[in-house]
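Here is a short briefing on the structure below. Read it with the model open.

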Amino acid sequence: AGHVGGHPEPRLVKRDGTVRRIPPNGPLLGVVNEWSISTTEVTIEQGETLFLFTDGLTEARHDGELYGDERLDLRLAGFAHLPLAEMLSALEEDVVSFADDDVHDDLAMLALRPRSTPPPLPEE
């Protein structure tokens, strides 16, 4: 699996539950002396979710088995319809349950979704 500065590939979760991994395009941080930053542009449509996370999620273990990328993508597909807070809670509950409440690494998640209606423009 690819990494972005040492973190797992972000996911773009479509409205229909399709999960697209956003490929890495840079080196691991702290591994090379000289490196340059490159960017990837991702358009997030209304109802879609950009999901970023640390590897503590996919590397959580149960009897030596990793939670893994495939399991994560399946869960994200199943939770695509949920409000963001519920999506994150459901994922956290799923990974902690999978690891029998014994998650050894950091577990950080960030989900972003465009508002259904844009906020009003400030008055000048």
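Val 13 has Thr 49 in β5 as its bridge partner. The pairing belongs to strands β3 (residues 11-13) and β5 (residues 49-53), which run antiparallel over 3 bridges. This is a predicted model. The chain holds 3 helices and 8 strands.

**The sheet**
- β4, β3, β5 and β8 form an open sheet in the order β4-β3-β5-β8, with antiparallel pairing.
- The edges are β4 (19-21) and β8 (109-112), each of which pairs on one side only.
- Neighbouring strands of this sheet are turned by 20 degrees against each other on average, direction ignored.
- β5 and β8 are antiparallel and are joined by 4 bridges.
- Phe 53 stands opposite Met 109 in β8.
- Strands of a sheet pair through backbone hydrogen bonds.
- β5 is largely enclosed by the rest of the structure, because 4 of its 5 residues are buried.

**Helices on the sheet**
- Helix α2 (residues 68-79) lies across β3, β4 and β5. The direction of α2 is at about 140 degrees to β4.
- Helix α3 (residues 84-98) packs on the sheet and touches β5 and β8. The direction of α3 makes about 150 degrees with that of β8.
- The length of α2 agrees with expectation: at 1.5 Å a residue, its 12 residues should span 16 Å, and its end C-alpha atoms are 17 Å apart.
- The buried residues of α2 are Gly 68, Asp 69, Leu 72, Asp 73, Leu 76 and Phe 79.
- An α-helix has 3.6 residues a turn, so residues three or four places apart point the same way.
- The buried residues of α2 pack against β3, β4, β5, α1 (55-58), β7 (65-66) and α3.

**The nonpolar core**
- The largest nonpolar core has 18 residues. Phe 51, Leu 57, Tyr 67, Leu 72, Leu 76 and Leu 91 touch the most other members.
- β5, α2 and α3 each supply at least two residues of this core.
- α3 gives the most, with 5 residues.
- In soluble globular proteins, nonpolar side chains tend to be buried together.
- Tyr 67 touches Leu 57, Thr 58, Ala 60, Leu 72, Arg 75, Leu 91, Asp 94, Val 95 and Phe 98, not counting residues up to four places away in sequence.

**Arg 11, a buried arginine**
- Is Arg 11 buried or exposed? Arg 11 counts as buried because its relative accessibility is 0%, and the cut-off is under 20%.
- Arg 11 lies in strand β3.
- The side chain of Arg 11 makes a polar contact with the side chain of Asp 73, at 2.7 Å. Asp 73 is itself among the buried residues of α2.
- The Arg 11 side chain also reaches the backbone oxygen of Glu 9, at 2.6 Å.
- Leaving aside neighbours within four places in sequence, Arg 11 is in contact with Val 19, Arg 20, Arg 21, Thr 49, Leu 50, Phe 51, Phe 53, Asp 69, Leu 72, Asp 73 and Leu 76.
- Phe 51, Leu 72 and Leu 76 in that list are also among the core residues that touch the most other members.

**Loops with positive phi**
- Most residues other than glycine have a negative phi.
- Asp 63 has a positive phi, near 50 degrees. Asp 63 sits in the loop between β6 (61-62) and β7.
- Asp 63 counts as exposed because its relative accessibility is 76%, and the cut-off is over 50%.
- Asp 100 also has a positive phi, of about 50 degrees, although it is not a glycine. Asp 100 is found in the loop between α3 and β8.

**The chain as a whole**
- Along the sequence, the pattern is β-β-β-β-β-α-β-β-α-α-β.
- The chain has 124 residues, and buried residues make up 28% of them.
- Of the contacts in the chain with a separation of 6 or more, 61% are between residues 24 or more positions apart.

Technical notes:
Residues numbered from 1 in each chain as written. Predicted model: local features only at pLDDT ≥ 70, side-chain atom pairs only at ≥ 80, totals over all residues. Heavy atoms only, no water. Pairing = 2+ DSSP bridges. Axes fitted to C-alpha atoms, helices over the stretch in contact; angles between N-to-C directions. Contact = heavy atoms within 4.5 Å. Buried < 20%, exposed > 50% of the residue type's maximum accessible area, 1.4 Å probe, protein only. Core = buried A, V, L, I, M, F, W, Y, C linked by side-chain atoms within 4.5 Å. Expected span 1.5 Å × (residues − 1). Polar contact = N/O pair within 3.5 Å; in protein donor to acceptor, adjacent residues only side chain to side chain.
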